[in-house]
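Welcome, and thanks for stopping by. Please take a first look at the sequence and the model below, and then follow the notes topic by topic.

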Amino acid sequence: MKNKYGLPYFVLLFSLLLPNGFINARPAGKKTKLEIFQPGESWPDQDGNHIQAHGGGILKINKTYFWYGEQRGKGLDPNFRYVSCYSSKDLLNWKFRGNVVKMLPPDSLTSGWILERPKVYYNPGTKKYVMYFHLDDKGYKVAQVGIAVSDKPDGDFKFVRRFRPLGHESRDIGQFIDDDGTAYLVFEDRPYGFRIARLSKDYMDVEKEMTLVKAHMEGGAIVHYQGLYYSIGSALTGWNANPNKYATAPTLEGPWTEFRDIAPPETKTYGSQSTMLIKVTGSRKTTVIFLGDIWRPKTQYDSRYLWMPLNLGDGKLWLPEPQPWKMNIKTGESSVVKK
Ligand code: DGJ
């Protein structure tokens with residue numbers, strides 16, 4: 001039997017199954033290359049879908065960046081919690097690599113349970129990718145971290161266990177890898193402040209507390225820049241933005257300075273909340289980028305991102321007013337793009 005193409009139906013069917021055939025999730029020509037970062041705007045991945053990687057973290061493996069975050073897209077099975085993974089060479093154009101965690105509630109956790117702020121570390125000794133995330137019940141009373149492990153950066157990650165790091169309450173977590181490769185977890189311990197603790201050799205445990213910063217802050221993020229540690233945190237105001245603040249210290253153990261505003265306080269961090277600081281060391285310049293979430297609690301699938309290079313140095317940190325900007329990933333240079 002022939003169709004209007006003059007081909008037998010089985011040939012047509014076969015061509016539909018070919019990678020470049022008629023069934024193609026991303027029709028050729030639809031792929032656009034982004035040139036500029038646009039803080040607060042919808043941020044399409046290479047398939048044209050708004051990136052779903054909220055409360056996220058970035059891991060660099062060779063020349064590839066991986067962005068993991070809370071997958072809050074529409075139409076997902078509400079029984080599961082998902083972590084997405086994207087990859088990029090330039091921090092701007094991201095390819096969706098899949099949902100690397102799709103998890104049912106572990107043991108006694110029940111409906112409404114929470115998985116937030118995933119962060120992935122690569123352990124060169126075990127060659128495993130180790131993901132930490134905040135695990136909780138819907139009242140945020142469990143206050144634990146969960147660990148999931150994968151052999152590859154793009155999963156699947158298998159859940160291993162959940163616990164309170166060093167026996168302490170832990171809600172928002174942050175990830176910090178120092179210049180010497182040592183891996184740390186930042187976690188908010190509500191009764192006391194936030195703690196910075198070193199991971200064990202295999203990263204499967206939180207081993208040694210470096211410091212307890214007695215400030216009630218979440219969304220903890222750290223960068224080591226020109227011999228000084230800078231730490232940013234946000235106040236505890238739920239999904240509502242607040243003036244994020246920073247402190248500095250010569251070592252992770254401290255002493256930490258008082259916390260100071262990172263932006264005009266009335267802007268409430270331009271409506272965002274810190275999740276990470278990343279340092280891009282290029283051939284000409286080192287740029288530190290503030291990674292923040294602009295939460296939309298009623299339409300979380302449409303939560304946005306505020307990524308902006310910081311003015312940083314000599315113990316001072318300032319988040320400039322968000323504007324479109326671009327970066328040369330090779331030289332590390334960034335500049336604002338005039339409208
Ligand atoms: C603020 C935290 O930073 C978020 O990760 C999330 O836990 C919300 N609070 C929930 O209100």
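This is a predicted model: local features need pLDDT of at least 70, side-chain atom pairs count only at pLDDT 80 or more; totals for chains, interfaces and linings use all residues.

Gly-313 belongs to strand β20, which covers residues 311-313; strands here are DSSP runs of E with at least two residues, helices are runs of H or I with at least four residues, and both are numbered from the N terminus. Gly-313 is buried, at a relative accessible area of 15%, where buried means under 20%, exposed over 50% and partly exposed in between, with a 1.4 Å probe and protein chains only.

Residues are numbered from 1 along each chain as its sequence is written, and side-chain values use heavy atoms, with hydrogens and water left out.

- Ile-173 sits in strand β9, residues 173-177.
- Ile-173 counts as buried, with 0% relative accessibility.
- From C-alpha to C-alpha, Ile-173 and Phe-133 are 7.0 Å apart in space, while in sequence they are 40 residues apart.

**Around the ligand**

- Which residues surround the ligand? They are Glu-116, Arg-117, Tyr-140, Asp-172, Glu-218, Gly-238, Trp-239 and Gln-273, each with a heavy atom within 4 Å of the ligand.
- By class, this shell has four charged, two polar and two nonpolar residues. In this scheme Asp, Glu, Lys and Arg count as charged, Ala, Val, Leu, Ile, Met, Phe, Trp, Tyr, Cys and Pro as nonpolar, and the others, Gly among them, as polar.
- The side chain of Asp-172 has an N or O atom 2.4 Å from an oxygen atom of the ligand.
- For Arg-117, an N or O atom of the side chain is 2.9 Å from a ligand oxygen atom.
- Gln-273 also has a polar side-chain atom 2.9 Å from an oxygen atom of the ligand.
- Taken alone, the ligand exposes 290 Å², and the protein buries 90% of that; these areas come from the Shrake-Rupley method with a 1.4 Å probe.

**Aromatic pairs**

- How many aromatic pairs does a search of the whole structure find? The search finds 22, counting rings of Phe, Tyr and Trp (its six-membered ring) with centres within 6.5 Å; planes under 30 degrees apart count as stacked, over 60 as edge-to-face and the rest as tilted.
- Trp-67 and Trp-307 have ring centres 4.7 Å apart and planes at 45 degrees, so this pair is tilted.
- Trp-67 lies in strand β2 (residues 64-70) and Trp-307 in strand β19 (residues 304-309), so the pair ties together parts that are 240 residues apart in sequence.
- Trp-67 is buried at 2% relative accessible area, and Trp-307 is buried at 3%.
- Tyr-86 and Phe-96 also make a tilted pair, because their ring centres are 5.1 Å apart and their planes are at 50 degrees.
- Tyr-86 is in strand β3 (residues 81-88) and Phe-96 in strand β4 (residues 95-103), so this pair ties together parts that are 10 residues apart in sequence.
- Tyr-86 is buried, with a relative accessible area of 2%, whereas Phe-96 is partly exposed, with 29%.
- Ring pairs link a cluster whose members include Trp-67, Tyr-86, Phe-96 and Trp-307.

**Charges over rings**

- Lys-74 has its charged end over the ring of Tyr-301, 4.6 Å from the ring centre; a charge sits over a ring if NZ of Lys or CZ of Arg is within 6 Å of the ring centre and within 35 degrees of the ring normal.
- The charged end of Arg-161 sits over the ring of Phe-163, 3.9 Å from its centre.

**Backbone details**

- Most residues other than glycine have a negative phi, and most peptide bonds are trans.
- The peptide bond from Gly-155 to Asp-156 is cis, with omega near -5 degrees, and Asp-156 is in the loop between β7 (144-150) and β8 (158-163).
- Another cis peptide bond runs from Gly-254 to Pro-255, with omega near 0 degrees; Pro-255 is in the loop between β15 (245-249) and β16 (260-261).
- Tyr-270 is not a glycine, yet has a positive phi of about 55 degrees.
- Tyr-270 is in helix α2 (residues 268-271) and is partly exposed, with a relative accessible area of 22%.
- Asp-314 has a positive phi of about 50 degrees, although it is not a glycine.
- Asp-314 is in the loop between β20 and β21 (316-318) and is exposed, with a relative accessible area of 77%.

Definitions and conventions
A polar contact is a pair of N or O atoms within 3.5 Å; within protein, one must be able to donate a hydrogen and the other to accept it, and residues adjacent in sequence count only if both atoms are side-chain atoms.
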